[in-house]
Structures are given as C-alpha cells and as structure tokens.
Amino acid sequence: MKKHLSAFIFSLAIIVASALLGNAFINRHQRSGAIEVTGLGQQNFSSDLVVWEGNFSRENLNIQNAYADLEKDRKAVLEYLVSKGIPETQVIFNAVNTNPMYEQNYSSTGNYIGQTLRGYQLNQSLQIESKDIEKVEQVSREVTELLLQGVKFYSQAPRYYYTQLESLKIEMISKATEDARLRAEKIAENSGATLGKLISANMGIFQITGQNSNEEYSWGGTFNTSSKEKTASITMRLSYSVR
C-alpha cells in the first residue's frame, strides 16, 4: 500500500512540476502589451533678433597710408549707419586684418625667380545686432550707397534669430507629448484595449526651418538663420503599457 501511495505522490509531483515549468517557459517568452507612438510638436514664429555683418578694405603700397585710408572709411561707414538710424553703440568694429600682396616673378624662360612686395591690403569688418529688424534690413539693402563715397563696402545677408528659443522648445515638447498620447489612446481604443502607464519617453531632434521652405530635416538638427519667418518642430517617442 505504501509502495503504491509513494508512486502516486511521485507521479503527481512530476505532473505539477512539469506544469509549472511549462507555464514559466511560456510566460518567459510572452512580452507585456505595449504601444509605441511618435508625436509631433510644431509652431510657426517670427524672429526677434537680426545680426548683420559687412566689411570694407583699402590697398596701398605703403602700410601707413593704407591704414590712414581705412580709418577714413571706418568713420564714413559709422556716420552713414548713424544717419540711417542705427545707434552707434550697436556698431561693433572688429580688428583690422593686414595682408601683404606679392607679385610672382618669372624669367623670360618661364622659371620662377621670386616675388616682389606690391603693397598691403587692409580689411575691417563690422557687426550689428539689433531687435529693430526692419531698419537693419533696409540698411543692408541700401549700404551700397557708400560706394558713391569711395568706400569699398561689402554687405552680407542678415541672419535671423529668436531670443525665446528655450521657452519655445519646452512648448514644442509639451505639444509633441500630447500629440503622442492622443495617438496612443486612439490605437488602444481601436484595439479594444485600455491605455496603461507611460513606460518610456524619448525626445527627437529640435528642428528650425524657414516657413514654406523645402529644407530637409537633419539627423543632427537644422537651425535656419536665413529666414525671418521660421517653423519649429520636435518629435517625442512614447511607449505605453496596455491592459
């Protein structure tokens, strides 16, 4: 009797252990239900800061004369900008760059025989940073009037920035997160499930492009400075559990 009872208990133990091991194996390979979604936050905005740069130069065989001519040009440029309504405090002149100019000499047979100094070129650049975008834009277009005064002035295209970028980025993250959550809720609803807790959240690259432009997004992020009117966008990738 004891022998039969022991055999029965041993068999039952094997069955129970097999069931438990089988269930553990199944659960080990079964993933918890989750939904992964990507939300987009996007907003158009206008730049509130402009940076404009230009430069002028002089050439002369004598470096002192070249510097004197450049100094006259600097005063003429400053007077012109102030007359156009640009505050003198906003005009920042950079250090003068001096470049010696050489002429290459060759013999009648075409052999190189050295070089001769033929003078100096002095160049000075300036930068204006202002919130009065329209005024700076106008000056950048009209500054060629300095050519009539004999000033060789070269103007660069204005660059446009936004000083409230950090606040805008936070707002974009909020919009992208809300967009992703609504997508997740819709997916769960259509699947007959209930959206659970947030498992993870990953932020994408913050992008700034010109409005209505064909600029391509970059993996490292695009930061447009050539357009006054811009579009900011960011993505958020969220993962939710489902029940």
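This tour visits salt bridges in a predicted model.

Local features need pLDDT of at least 70 and side-chain atom pairs count only at pLDDT 80 or more, while totals for chains, interfaces and linings use all residues. Residues are numbered from 1 along each chain as its sequence is written, and side-chain values use heavy atoms, with hydrogens and water left out.

Start with the whole structure, where a search finds 12 salt bridges (a side-chain nitrogen of Lys or Arg within 4 Å of a carboxyl oxygen of Asp or Glu).

Select Lys84 and Glu142. Their closest N and O atoms are 3.2 Å apart, in a salt bridge. This pair links distant parts of the chain, 58 residues apart: Lys84 sits in the loop between helix H2 (63–83) and strand S3 (91–93), and Glu142 in helix H3 (residues 133–142). Helices (H or I, at least four residues) and strands (E, at least two) are DSSP runs, numbered from the N terminus.

Now colour by relative accessible area (buried under 20%, exposed over 50%, partly exposed in between; 1.4 Å probe, protein chains only). Lys84 is partly exposed at 29%, Glu142 at 25% and Glu145 at 35%.

Last, select Lys135 and Asp132, whose side chains meet in a salt bridge (3.6 Å, N to O). Lys135 is partly exposed at 30%, as is Asp132 at 35%.
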